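Subject: The structure I promised you

Hi there,

Here is the structure we talked about, ready for you to open. Please have a look at it first, and then read on for what turned up.

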Amino acid sequence: MPNIRARLLAVLVVLSGFLTVAGSPPATAATVPDSLSFDGTALTVSNGRFTDGAGREVVLRGYNVSGETKLDENHGLPFASVADAQKSAKALRALGGGNSVRFLLSWAYAEPVKGQVDTAYLASATAQMRAFLDAGIRVYPDFHQDLYSRYLFNEGSWYTGDGAPAWAVELGDYPTESCGICILWGQNITQNGAVKEAQYDFWHNTYGLQDYFLATAQKTMTYIRQNLSTEEFAGVVGFDPYNEPYAGSYDSGQASRTWERDLLWPFYVKFRARMDAAGWTDKPAFVEPNLFWNGNVSKEEGGLLDAGAIGTRYVFNTHFYDQKAISGILMWGNAADGQYVSDFATVRDRASALGTTGIVSEFGHPLNGSTAGKAPTVLKAMYQALDSRVKGANWWTTPSTSGTVLSGSQWQWDIYNGRHSELMNGNPDKVQTTGDAWNDEDLSAVRLDDSGAVTLRQDARLLDRVYPSAASGSTVAFTYEDRSRDGSTTLTWNPVPSSLPNVSSLVGSGQYSVLVWRSGSGSAPTELHLPASFPNASTTVVSDLGTAYAPPAYTSSTPVGTAVEPGGTGSRRLLLTDSDSGVLHYALVTNGAAAPSASLLAAAKVELASWVSSKIG
């Protein structure tokens, strides 16, 4: 019933408002609650960073919303209703600490009939997207696919897919799908003949498949732009054209690198042109390389090596999963300090070589099954690698090599986890209810409890993190010790060194972060997200700009202050205001001290100043 009501509502929206596709955008909506003067500006890419209208360096952190789009139960939408989208958005901000989402869309539901866009689907998707934008959460949509299409599979299949419409599959007359001896669903990508042939046809534009997809993408983007207010559309960061691209099979003499050069990159150029035509000129395309370019088991040469300097109209967009850890065989034991710093440094370096910024738009680990016990350490190591190029044990001695803070979106945020009712490939005898209800995956960070409230499935210390959501200038070094837990064990990979005894005393056993940045010319403050574990009465800041226990409310003349984040969720941020340019600044933020003395704060400040001078300059 909720699905039927949502569709009827969408039809009413279409009847009353779809003509705006050919007209002007709706009037600007009311300002997002709790916004300050520098909030809500559109992001662009500049100097290898996301930057806002105040020239601040922005880091996007959040989740994929959501794998529900892969399923039929809500007709290719992330949510059954706008109310559920709103509930999810508020929790994502308040519990998960996210400031952005990768918002999944389905080609199959956007164009169920060849050449005809389903405007009711677009209306519902846009309304659900708006729920996140109105909560102050930035959005980048993604046309998602896995194994090309669910319609390659039949009622008796062991696996399923998502992406292309039924008519696109019917054009190909593909063989009966079979993966042979497959343990993981991803093996279908390279072993299932039907999947391989369909992927091959898409990339070669057989039957005009790519042309249809691009036309639908343009109509989708046009609809989104013209049915969001100006302020809401400013919160849309860009568009991810195609999830996890793979050739299917290579032509004679072709390999991954030449496939990227000759087929994948030209597709992105075409998609970029469609973005321009749809009015998305100032927003980047989040382009993904061959999905195996950075695998640690299955690996193929790639990373858009021959695309040249793609520049600021594109973002280098990649995924990372530890295939060894997921296998349960190739990595014994848990992840350790610094496990992925090299892998994520490769992402930073590749983005830099391409003349743009990077984002890891999917990362995660199963929360159920034989390898689920690795999840606490695997995820901690992944977040650590997003934060810094340097592992915890070395961070205090070599902070100058910390590098940029990477943006990322964890897979995934599905509030229906464990409560699905999905007929796998339309088979009423194979109703999927557990986990993510898709190919035995179970990676959602959240679920609904019996009262209908959103609750975390992972340690809040791991998910709700301090991170520099906006730096007024450029980040030089950053670290966050989350003290997340593996069962009853607290994981501390970045202890404060004994050479800083007053800083160590201040932090104690608490969580802490350190940010070092070089100021820019803008007047907007540097911002750090404050997790729920940092209530004002437990928050201590030591900075060259000032020291504060229980920092005061932010004003433009307050060097160290706090404020709520935009969106009305009650989540909080620390705001650090400098009045110079090109000057090195630092800030330690911790919840480990209870009413520290003025002398301890002063002594910790002296230690940090000396440390910055000696280690960074």
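In what follows, contact means heavy atoms within 4.5 Å. Please keep in mind that this is a predicted model.

Let me start with helix α2, residues 82-94. Which residues of α2 are buried? They are D84, A85, S88, A89, A91, L92 and R93. These buried residues pack against β4 (61-65), β5 (100-106), α4 (119-133) and β14 (454-456).

Next comes a pair of helices. Two packed helices are described by the angle between their axes and the distance between the axes. For α8 (residues 209-226) and α10 (residues 256-277), the angle is about 30° and the axes are 9 Å apart. Angles under 35 degrees count as roughly parallel, and α8 and α10 are therefore roughly parallel to each other. Their crossing is right-handed. On the α8 side the contact is made by Q210, D211, F213, L214, A215, A217, Q218 and M221, which meet F267, K270, F271, R274, M275 and A277 of α10. By type, the residues of this contact divide into nine nonpolar, two polar and three charged.

Some backbone details are worth a look too. Most residues other than glycine have a negative phi, and most peptide bonds are trans. A cis peptide bond joins V65 and S66, with omega about -25°, and S66 sits in the loop between β4 and α2. Another cis peptide bond links W411 to Q412, where omega is about 0°; Q412 belongs to the loop between β10 (407-410) and β11 (422-423).

Two non-glycine residues with positive phi are D173, at about 50°, and R483, near 55°. D173 is in the loop between α5 (166-172) and α6 (188-191), while R483 is in the loop between β16 (473-481) and β17 (485-486). Are they buried or exposed? D173 is exposed, with a relative accessible area of 68%, whereas R483 is buried, at 8%.

Finally, take a look at P468, in the loop between α15 (460-463) and β15 (470-471). P468 is buried, with a relative accessible area of 1%. Apart from neighbours within four places in sequence, P468 is in contact with V59, V405, F478, L515, E527 and L528.

Enjoy exploring!

Best wishes

Definitions and conventions. Residues are numbered from 1 along each chain as its sequence is written. This is a predicted model: local features need pLDDT of at least 70, side-chain atom pairs count only at pLDDT 80 or more; totals for chains, interfaces and linings use all residues. Side-chain values use heavy atoms; hydrogens and water are left out. Helices (H or I, at least four residues) and strands (E, at least two) are DSSP runs, numbered from the N terminus. Buried means under 20% relative accessible area, exposed over 50%, partly exposed in between (1.4 Å probe, protein chains only). Axes are lines fitted to C-alpha atoms, for helices over the stretch in contact, and angles run from 0 to 180 degrees between N-to-C directions. Angles under 35 degrees count as roughly parallel, over 145 as roughly antiparallel, 65 to 115 as roughly perpendicular and the rest as oblique. A crossing is left-handed if the near helix is turned anticlockwise from the far one by less than a right angle, and right-handed if clockwise. Ala, Val, Leu, Ile, Met, Phe, Trp, Tyr, Cys and Pro count as nonpolar, Asp, Glu, Lys and Arg as charged, and the others, Gly among them, as polar.
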